[in-house]
Amino acid sequence: MVSRSVVRSKILVVDDEPEAVELVEFNLKQAGYEVAAAADGAEALKKAHSLLPNLIILDLMLPEVDGLEVCKMLRRDPSTSSVPIIMLTAKAAEIDRILGLELGADDYMTKPFSPRELILRVKNILQRGRSSDEESTTLKFGELVIDSPRHLVSWKGRNIDLTATEFKLLAVLAQRRGRVQSREQLLRDVWEYNSLVDTRTVDTHMRRLREKLGPASRYLDTVRGVGYRFVAES
């Protein structure tokens, strides 16, 4: 009999509450993930660089370095800039959610939370990094290249560093170029949310995406009161 080793996704859980870590770690392992943990911001940064996890679950209220600062530092470093981050925190105010997303988080969940929903969101985010057969094409719009098979975006030959969520958002809009996509539709197709979540999640990611694209952001058009569309130049 030939045994095949399965490469499991590594997830770093960052929280200073042992009970929270234990709950998240148990459910992640049950779902088949490899898990590491960090109890403060400094340890989180160290482990993020040494382990290079596939995803990080990050609390905001941490000793040493708080979660928002950890997120900023991870996004600034090229070696960790594209690692997906889910913020899991007791800070439920709208301003905290918006700030977390603006600083680079892919998703934001508040405590108390449903372990089942957390696992679903983890799976959805990790899946964004894998192109389906239908999406395995390279799209070119002038100097903008969206290479789905390799998950790369470039402008005038220079790579643009996007998170998995930002890449999928851009790819979905480009694949449906010319057609307006509502915020609700993008939440379903990019984030795969079945229930309506704050549509500002889409707006925040679009703002970040435009900043990263720079001059290439001219392809992204806002349709007031409706949503967004990708406008290909003729």
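Predicted model: local features only at pLDDT ≥ 70, side-chain atom pairs only at ≥ 80, totals over all residues.
Visitor: Is the pair of Phe 141 and Tyr 219 stacked or tilted, and what are the values?
Guide: The two ring centres lie 6.1 Å apart. Planes under 30 degrees apart would count as stacked and over 60 as edge-to-face. With its planes at 50°, the pair of Phe 141 and Tyr 219 is therefore tilted.

Visitor: Which parts of the chain does that pair tie together, and how many residues apart are they in sequence?
Guide: Phe 141 belongs to strand β6, residues 138-141. Tyr 219 sits in the loop between α8 and β11. So the pair ties β6 to that loop, and the parts are 78 residues apart.

Visitor: What about the rings of Tyr 219 and Phe 230: stacked or tilted?
Guide: Here the centres are 5.4 Å apart. The pair links Tyr 219, in the loop between α8 and β11, with Phe 230 in strand β12, 11 residues away. Since the planes meet at 10°, the pair of Tyr 219 and Phe 230 is stacked.

Visitor: Which residues do ring pairs link into a cluster?
Guide: Tyr 219 pairs with Phe 141, and Tyr 219 also pairs with Phe 230. That gives a cluster of Phe 141, Tyr 219 and Phe 230.

Visitor: Is Phe 230 buried or exposed?
Guide: Buried means under 20% relative accessible area. Tyr 219 comes in at 1%, so Tyr 219 counts as buried. Phe 230 has a value of 0%, so Phe 230 is buried.

Visitor: Which residue in β12 is the bridge partner of Ser 182?
Guide: Ser 182 lies in strand β10. Beyond its neighbours up to four places away in sequence, Ser 182 touches Val 226 and Gly 227. Val 223 stands opposite Gly 227, and the bridge partner of Ser 182 is Gly 227.

Visitor: Which residue in the turn between β11 and β12 has a positive phi?
Guide: β11 and β12 make a hairpin, with three residues between them. The phi in question is about 80°, and the residue is Gly 225.

Visitor: Are helices α6 and α8 roughly parallel or roughly perpendicular?
Guide: The axes of α6, residues 164-175, and α8, residues 200-213, come within 10 Å. Their contact takes in six nonpolar, two polar and three charged residues. Angles of 65 to 115 degrees count as roughly perpendicular. The axes cross at roughly 90°, so α6 and α8 are roughly perpendicular.

Visitor: Is Lys 156 buried or exposed?
Guide: Lys 156 is in the loop between β8 and β9, and its phi is positive, near 55°. Exposed means over 50% relative accessible area. Lys 156 has 58%, so Lys 156 is exposed.

Key. Residues numbered from 1 in each chain as written. Heavy atoms only, no water. Pairing = 2+ DSSP bridges. Helix = DSSP H or I, 4+ residues; strand = E, 2+ residues; numbered from the N terminus. Axes fitted to C-alpha atoms, helices over the stretch in contact; angles between N-to-C directions. Parallel < 35°, antiparallel > 145°, perpendicular 65-115°, else oblique. Nonpolar A, V, L, I, M, F, W, Y, C, P; charged D, E, K, R; others polar. Contact = heavy atoms within 4.5 Å. Phe/Tyr/Trp six-rings, centres within 6.5 Å; stacked < 30°, edge-to-face > 60°. Buried < 20%, exposed > 50% of the residue type's maximum accessible area, 1.4 Å probe, protein only.
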